Amino acid sequence: MKFATLSAVALSVLQLTSAAPLEARRFGQEQEVGLGGKISAVSSGCPSNGDGSLGFSGSEIKFLLAAADPCGKLTLADQVVTTAKTCPTGPKEKIIAIAMELVAAEKNFNPFVTLLDSVCLTPGLPASVELQGILQKVDPRTTAPNNNDAALQSRAAALNAKAESVLAAAQASGKGPGSGGKSLAQLLADNGFSDIQGFSGTGAGAAATTAAAAVTTTTTTTAAAAAAATTAAAATGSGTNCNAQTVQVVVNGNEQRFGLDGAQVALNPKVVLDRVCIAISRTNNQACTDTCNKAETAALALGVVGNSQGKGDLVAMQKLADDFNSALAGTTVTGTVIDLKAGGSGTGNTATTTTSAAAASAAETSAAVTASSLGSCSASAAQLVVKLGADPARPTEVRFIPGGFQKDPIFGGQGSALNGGIVANFICDRLNDQCKAPASTVTACRAAQLIVNGNKGGSNLSDTQVAALEKIASDFNAAIGIGSSDVADVATTTTAAADATTTTAAAEATTTSSVDIAALITLLQQAVSLLTA
């Protein structure tokens, strides 16, 4: 049977190889930018979060395919430049030079549908001054079916030679020659090549463009309308809640970074937004996936990054986060800045008290919220708990946990944390997306989170410090309508259960240990008998 199968495969191969030779295609050559690999090779010293490609590995491919918006690769190149500026001198200039290569890269198009290149028609892109004036290379028209026009081949060859020259000069000087406010398509036309989809300007080849307009569906008007629609949708939301993680601006002293769940993640927002969109894509909700991708593109086009010297634009960072979150929530989301305040070590040994203004705001917001306003969730599971030994795995530490820690289907997935803001944020997220609590409860929870942010547990805390943290947790619970009479002492119950589990586990371990040793001896004896047989 195996021989027959192999024979059949071999015969098929012979039939294929004896057929008429296939025309070599250029498909794939346009994608040879290698953005991630090139950046990884020069990004030493950049804030990378463990990713040498700075989040750009493979990111250019989708923008170079035939159906992609030709302006997309220019926006991506702007993002590369923005990220490069978070790097020290040396890597920064090298990464900007790589972004220049992306601008100059040829974009694919389907030669069986149109004879015209796909080039961005929007003035002002790329936005980075370092990239303006760099020319995009075009299809050389050397392979079928678009290799039968000598004049077109000549124009393409001349443009590509000029594009190579401009790129080399820009990389040498660190800056393109400038665009004068013109679109990339117009710059190509000014250099003798206007065989471009949807182009209606002037330049050599314009007549050919007009004649071939019937075979392309891209026009300046529709491109502009699509861009406007994308921007509007990204800013206002789709009306559908995609249950996404909330992107935050997390401040810890001078470190101003984008983050998730109350923890700092990266200076570059792309790292955080990618995580959110990847998580959404795994839900197989195409509408939300598309919304997330559009919102990310709009957010990154702002060119906003964090700062590690306390010099970041917090207003711009918050706007980026708020707009992105609003797009995915289907409604306006505000207030995404978290200040971790003093400490910042992650181990914690003090309880930092919050301002009376934050407490007053939370109390005012939560005035109409009661325990019955938690949607489908119970008060005992949704409460914020802080206790010594609240996490059985860390019995010597005072840590924050949700009431449903390790047992509730909704609140059980969050680990314990020294930073109370992490758990408080998790509780607010779950009230919103899983419990389907009323908007008033979620708003009150977000306000109450300000009471908790920056307050940390730790080891060897005094009774006074522990009492202060317990008061903060109690205030948070009260703000979302949970009173002391609504819940059991979860931490005490958890600790007692943990003690019982530990005792049982120790007894089982003793019994298992003797059984394992006996089994091991038996296996060794069997092995020796096999070797000597």
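This is a predicted model: local features need pLDDT of at least 70, side-chain atom pairs count only at pLDDT 80 or more; totals for chains, interfaces and linings use all residues.
Residues are numbered from 1 along each chain as its sequence is written, and side-chain values use heavy atoms, with hydrogens and water left out.

**View 1. Salt bridge between glutamate 164 and lysine 137.** The structure holds 15 salt bridges (a side-chain nitrogen of Lys or Arg within 4 Å of a carboxyl oxygen of Asp or Glu). In the pair shown, the closest N and O atoms are 3.1 Å apart. The bridge links distant parts of the chain, 27 residues apart: glutamate 164 belongs to helix 6 (residues 150-173), and lysine 137 to the loop between helix 5 (91-104) and helix 6. Helices (H or I, at least four residues) and strands (E, at least two) are DSSP runs, numbered from the N terminus. Glutamate 164 has 41% relative accessibility and therefore counts as partly exposed; lysine 137, at 24%, is also partly exposed. Buried denotes under 20% relative accessible area, exposed over 50%, and partly exposed in between (1.4 Å probe, protein chains only).

**View 2. Salt bridge between lysine 182 and aspartate 190.** The N to O distance between these side chains is 2.8 Å. Lysine 182 is partly exposed because its relative accessible area is 37%, and aspartate 190 is partly exposed at 41%.

**View 3. Salt bridge between lysine 387 and glutamate 470.** Here the closest N and O atoms lie 3.7 Å apart. Lysine 387 is in strand 5 (residues 384-388) and glutamate 470 in helix 17 (residues 463-479), so the pair ties together parts that are 83 residues apart in sequence. Lysine 387 has a relative accessible area of 26% and is partly exposed; glutamate 470, at 30%, is likewise partly exposed.

**View 4. Packing of helix 15 against helix 16.** Helix 15 (residues 420-433) and helix 16 (residues 439-452) pack at an angle of about 180 degrees, and their axes are 9 Å apart. Axes are lines fitted to C-alpha atoms, for helices over the stretch in contact, and angles run from 0 to 180 degrees between N-to-C directions. The two helices are therefore roughly antiparallel (angles over 145 degrees). In contact (heavy atoms within 4.5 Å) are residues including Ile427 and Leu431 of helix 15 and Val442 and Arg446 of helix 16. The contact residues divide into seven nonpolar, six polar and two charged. Ala, Val, Leu, Ile, Met, Phe, Trp, Tyr, Cys and Pro count as nonpolar, Asp, Glu, Lys and Arg as charged, and the others, Gly among them, as polar.

Definitions and conventions. Angles under 35 degrees count as roughly parallel, over 145 as roughly antiparallel, 65 to 115 as roughly perpendicular and the rest as oblique.
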